[in-house]
Amino acid sequence: MLATNMIGIGIAAVVETDPPPADSEQIFTNPLANLTALLIGLAASIPAVWFVVRWVGRRPAGTLSSVTGRLRLGWLGRCSAIAFALMAVQLGLLLAWTSDTDTGAALERGFPGWPALLLSLAVLCAVVPFQAAAEEYVFRGWMVQLIGRVVRSPWPGTVLASLLFALAHGLGESSGFALLFYSALWWGWLVIRTGGLEAVIALHTANNLLGLVLAAAFGELADSGTAADAPWQALILELVFAPLYCLMVAHLADRKGLSRRS
């Protein structure tokens, strides 16, 4: 609790924000501070799940990361290069498909100014990778491995974890739920195929970071929407880009001779 309070005070100091009114559901009045506090809270799942694996499961925490017992940073970097490139294309296509002709004017109206945008970029780049990794450690790592120890197969755990992953984002549009569940199934396959979480951490980070950077540029960080609210156009694009990324990375893993089993 003390550590959480200190982090919150630090965020408030950086973005110069005050606490919200007592009846508010927000942590801070500043959208960037409020979002960052939420992301840090999610990122705290990493040490929590490591503790559970190490002291309850009685195995090295690194076995959550990959079959080698560690996070393969070189492989993570290669996957990140592919993930950011594909996600940039996918996001660009989605914007072109769903935006009206007044997009430029809308951006100009919502633009928060360069100092605020650069601050948002710095904070998001520092926090989002840990938030994205935390979700992968919980849903594609610990949960699948835990169920797999009982049923001796990764697939029941993958399906269940994918369903819970979609539900964890809230009940929004049916297209958003389908997008999340479909993506999670592919990501679960990729974890099994590559023997680690690196590829899905890279894609999850690219997805969240690019989306939040765009929201910051439009001045929409206060928007409480999630991927569960994604429109049908986003689902159509995901039907193509999710397998495209996973198959590209799986092919690269084969070429690199990446370890898939411990």
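**Entry 1. H4 against H10**

I began with a pair of helices: H4 passes H10 in a right-handed crossing. A reminder to myself is that this is a predicted model. H10 covers residues 232-256. I looked up the axes of H4 and H10 and found them 10 Å apart. The packing angle is about 160°. Angles over 145 degrees count as roughly antiparallel. H4 and H10 are therefore roughly antiparallel to each other. I then sorted the residues where H4 meets H10: 20 are nonpolar, three are polar and three are charged.

**Entry 2. The whole protein**

I stepped back to list the elements. How many helices and how many strands does the protein have? I count ten helices and zero strands. Read from the N terminus, the order is α-α-α-α-α-α-α-α-α-α. The protein has 262 residues, and 43% of them are buried. Next I checked how far along the sequence the contacts reach. I took contacts between residues at least 6 apart in sequence. Of these, 77% join residues at least 24 apart.

**Entry 3. H2 against H6**

I turned to H2, which holds residues 31-43, and its packing on H6. The axes of H2 and H6 lie 8 Å apart, at an angle of about 25°. The limit for roughly parallel is under 35 degrees. So H2 is roughly parallel to H6. The crossing of these two helices is left-handed.

I wrote down who takes part. From H2 come Leu 32, Leu 35, Thr 36, Leu 39, Ile 40, Leu 42 and Ala 43. From H6 come Leu 119, Ser 120, Val 123, Leu 124, Val 127, Val 128, Phe 130, Gln 131, Ala 134 and Glu 135. By class, the contact of H2 with H6 has 13 nonpolar residues, three polar and one charged.

**Entry 4. Ser 120**

One name on that list made me look again: Ser 120, in helix H6. Is Ser 120 buried or exposed? Its relative accessibility is 6%, and the cut-off for buried is under 20%, so Ser 120 counts as buried. I left aside neighbours within four places in sequence and asked what Ser 120 touches. The partners are Leu 32, Ala 216 and Leu 221. I had already noted Leu 32 as part of H2's contact with H6.

**Entry 5. H8 against H9**

H8 runs over residues 174-194, and H9 over residues 198-217. I found that their axes come within 8 Å and cross at roughly 145°. On the H8 side, the contact uses Trp 187, Leu 190 and Val 191. On the H9 side, I noted Ala 199, Val 200, Leu 203 and His 204. The contact of H8 with H9 has six nonpolar residues, one polar and no charged.

**Entry 6. Gly 157**

I looked up a glycine next. Gly 157 sits in helix H7. Its relative accessibility is 0%, so Gly 157 counts as buried. Which residues does Gly 157 touch, not counting those up to four places away in sequence? I found Val 144 and Ile 147. I also took a distance from Gly 157 to Gly 188. These two are 31 residues apart in sequence, and their C-alpha atoms are 9.1 Å apart in space.

**Entry 7. Two arginines with positive phi**

I checked backbone angles. Arg 58 is not a glycine, yet its phi is positive, at about 55°. I located Arg 58 in the loop between helix H3 (45-56) and helix H4 (73-98). Exposed means over 50% relative accessible area, and Arg 58 is at 69%, so Arg 58 counts as exposed.

Arg 152 has a positive phi too, near 65°. Where is Arg 152 found? I placed Arg 152 in the loop between helix H6 (114-151) and helix H7 (154-168). Its relative accessible area is 73%, so Arg 152 is exposed.

**Entry 8. Cysteines**

Last, I looked for disulfides. The rule asks for a pair of cysteine sulfur atoms within 2.5 Å. By this rule I count zero disulfides. I looked at two cysteines by name. Cys 79 has 0% relative accessibility, so Cys 79 counts as buried. Cys 246 is at 0% as well, and counts as buried.

Terms used. Residues numbered from 1 in each chain as written. Predicted model: local features only at pLDDT ≥ 70, side-chain atom pairs only at ≥ 80, totals over all residues. Heavy atoms only, no water. Helix = DSSP H or I, 4+ residues; strand = E, 2+ residues; numbered from the N terminus. Buried < 20%, exposed > 50% of the residue type's maximum accessible area, 1.4 Å probe, protein only. Axes fitted to C-alpha atoms, helices over the stretch in contact; angles between N-to-C directions. Parallel < 35°, antiparallel > 145°, perpendicular 65-115°, else oblique. Left-handed = near helix turned anticlockwise from the far one by under 90°. Nonpolar A, V, L, I, M, F, W, Y, C, P; charged D, E, K, R; others polar. Contact = heavy atoms within 4.5 Å.
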